[in-house]
Amino acid sequence: MGQPVVHFEIIGKDGEALKSYYSQLFGWEIDSNNPMNYGIVTREGNTNADGAGIGGGIMGAQEGYDGHVTVYVEVPDVEAALASAEKLGGTR
């Protein structure tokens with residue numbers, strides 16, 4: 001059995017355009033009513049008929065930074081997962 005993805009984060013040059021795009025594309029409900037204007041995609045309201053889905057976040061990047069996508073995966077032992085990643089060629 002694999003480890004589940006539990007959160008995602010999409011950061012890009014134009015946060016408002018990203019929020020609009022993903023909201024229209026996937027029908028995501030995005031709440032940016034917070035001081036950082038961080039678009040919160042809650043799990044509730046963004047699931048399929050079987051209840052599957054995860055939450056995440058979308059926002060604009062700082063000036064001069066293009067952005068990134070991060071996927072958060074739940075593991076039972078963080079140190080063991082990092083050691084395995086390093087063994088496979090990853091770095092910390």
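Q: In which strand is Val73 found?
A: Val73 is found in strand β5, where a strand is a DSSP run (E, at least two residues), a helix is a DSSP run (H or I, at least four residues), and both are numbered from the N terminus. The model is a predicted one, in which local features need pLDDT of at least 70 and side-chain atom pairs count only at pLDDT 80 or more, while totals for chains, interfaces and linings use all residues. Residues are numbered from 1 along each chain as its sequence is written, and side-chain values use heavy atoms, with hydrogens and water left out.

Q: Why is Val73 called partly exposed?
A: Buried means under 20% relative accessible area, exposed means over 50%, and partly exposed lies in between (1.4 Å probe, protein chains only). Val73 has a relative accessible area of 44%, and is therefore partly exposed.

Q: Which residues is Val73 in contact with, leaving aside its neighbours within four places in sequence?
A: Contact means heavy atoms within 4.5 Å. On that basis Val73 is in contact with Gln3, Pro4, Val5 and Val6.

Q: What makes up the nonpolar patch on the surface?
A: Patches are made of residues with over 30% relative accessible area and no salt bridge; like charges are joined within 9 Å, and nonpolar side chains (Val, Leu, Ile, Met, Phe, Trp, Tyr) within 5 Å. The patch here is formed by Val5, Val69, Val71 and Val73, with about 340 Å² of accessible area together. Accessible areas come from the Shrake-Rupley method with a 1.4 Å probe, and for residues only the protein chains shown count as cover. Strand β5 (residues 67-73) gives the most to this patch, with three residues; Val71 is found in strand β5.

Q: Which residues make up the largest nonpolar core?
A: A nonpolar core is a set of buried Ala, Val, Leu, Ile, Met, Phe, Trp, Tyr and Cys residues joined through side-chain atoms within 4.5 Å. The largest one is made up of six residues: Phe8, Ile10, Tyr22, Trp28, Val41 and Ile58. Not counting residues up to four places away in sequence, Tyr22 touches Ile10, Gly27, Trp28 and Ile58.

Q: What is the order of the strands in the open sheet?
A: Two strands pair if DSSP finds at least two bridges between them. The open sheet has five strands in the order β2-β3-β4-β1-β5, with mixed pairing. Strands β2 (30-31) and β5 stand at the edges with a single partner strand each, so one side of each has no neighbour in the sheet.

Q: In what sense does strand β1 pair with strand β4, parallel or antiparallel?
A: Strand β1 (residues 5-12) pairs with strand β4 (residues 55-60) in the parallel sense, over six bridges; His7 stands opposite Gly55 in β4. With β5, strand β1 pairs in the antiparallel sense over seven bridges, and Val69 in β5 is the bridge partner of Ile10.

Q: Why is the pair Lys13 and Asp66 called a salt bridge?
A: A salt bridge is a side-chain nitrogen of Lys or Arg within 4 Å of a carboxyl oxygen of Asp or Glu, so a value within that cut-off qualifies. The side chains of Lys13 and Asp66 meet at 3.2 Å, N to O. This pair links distant parts of the chain, 53 residues apart: Lys13 is in the loop between β1 and α1 (15-26), and Asp66 in the loop between β4 and β5. Lys13 counts as exposed because its relative accessibility is 65%, and Asp66, with 55%, is exposed.

Q: How many salt bridges are found in the whole structure?
A: The search finds four. Among them, Glu16 and Lys19 meet at 3.0 Å, N to O.

Q: Why does Lys19 count as buried?
A: Lys19 has 6% relative accessibility, and therefore counts as buried. Glu16, with a relative accessible area of 45%, is partly exposed.
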